[in-house]
Amino acid sequence: MTTFDKREQGFEAKFAHDEELLFKATARSNKLLGQWAAAQLGLSGSAAASYVTALVTDNLESQMIDGVVGRVSDDLSGKGVTREQVAQKLQECLHQVIQQVESK
């Protein structure tokens, strides 16, 4: 194996690792946002857990932030929560997850 091949494998491994971390961070931040939204909606127990699970699993394939923000803001529109507030909360959740990952 040449040096170039080893280097290429190293870059591929790093890319795969980074993608895995991004996936986990996205799922975890969506979970935190879902828990916050469930509390805003007055959900508790299994209803809250179902809401959080649905939010996380529905967005695993697309991993689009707009989808998560749109769904939660639609759910919370009756409570007077704006799309901007939901986006800000998601940003806070993502920062919290990044701090958790970095501290490990």
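Helices (H or I, at least four residues) and strands (E, at least two) are DSSP runs, numbered from the N terminus. By that rule the chain has 4 helices and 0 strands, and its elements run α-α-α-α from the N terminus on. The radius of gyration of the chain, taken over C-alpha atoms, is 17 Å, well over the 13 Å that the globule rule gives for 104 residues, so the chain is more spread out than a compact globule. The globule rule is 2.2 Å times the number of residues to the power 0.38.

This is a predicted model, in which local features need pLDDT of at least 70 and side-chain atom pairs count only at pLDDT 80 or more, while totals for chains, interfaces and linings use all residues. Residues are numbered from 1 along each chain as its sequence is written, and side-chain values use heavy atoms, with hydrogens and water left out.

**Overall form**

- The C-alpha trace spans about 60 × 25 × 25 Å along its principal axes.
- Of the 104 residues, 26% count as buried, where buried means under 20% relative accessible area, exposed over 50%, and partly exposed in between (1.4 Å probe, protein chains only).
- The accessible surface comes to about 7000 Å², and 55% of it belongs to carbon and sulfur atoms; such areas come from the Shrake-Rupley method with a 1.4 Å probe, and for residues only the protein chains shown count as cover.
- Contact means heavy atoms within 4.5 Å; among contacts between residues at least 6 apart in sequence, 57% join residues at least 24 apart.

**Largest pocket**

- A pocket is an open set of points on a 1 Å grid over the protein atoms alone, where a 1.4 Å probe fits, with protein on both sides within 12 Å along at least five of seven lines.
- The largest pocket has a volume of about 210 Å³, a volume being the space filled by probe spheres set on the points, which are joined across faces, edges and corners.
- Its lining holds 14 residues, of which T26, S29, I65, L90 and L94 lie nearest the centre; lining residues have an atom within 4 Å of a point.
- Helices α1 (3–41), α3 (65–76) and α4 (83–103) each give two or more residues to this lining.
- The lining divides into 8 nonpolar, 6 polar and no charged residues. Ala, Val, Leu, Ile, Met, Phe, Trp, Tyr, Cys and Pro count as nonpolar, Asp, Glu, Lys and Arg as charged, and the others, Gly among them, as polar.

**Selected residues**

- N30 is in helix α1 and counts as buried at 4% relative accessibility.
- Leaving aside neighbours within four places in sequence, N30 is in contact with L55, V56, N59, V68 and L90.
- S73, in helix α3, counts as buried at 8% relative accessibility.
- Beyond its neighbours within four places in sequence, S73 is in contact with V81, R83 and V86.
- L32 lies in helix α1 and, neighbours within four places in sequence aside, is in contact with C93, Q96 and V97.
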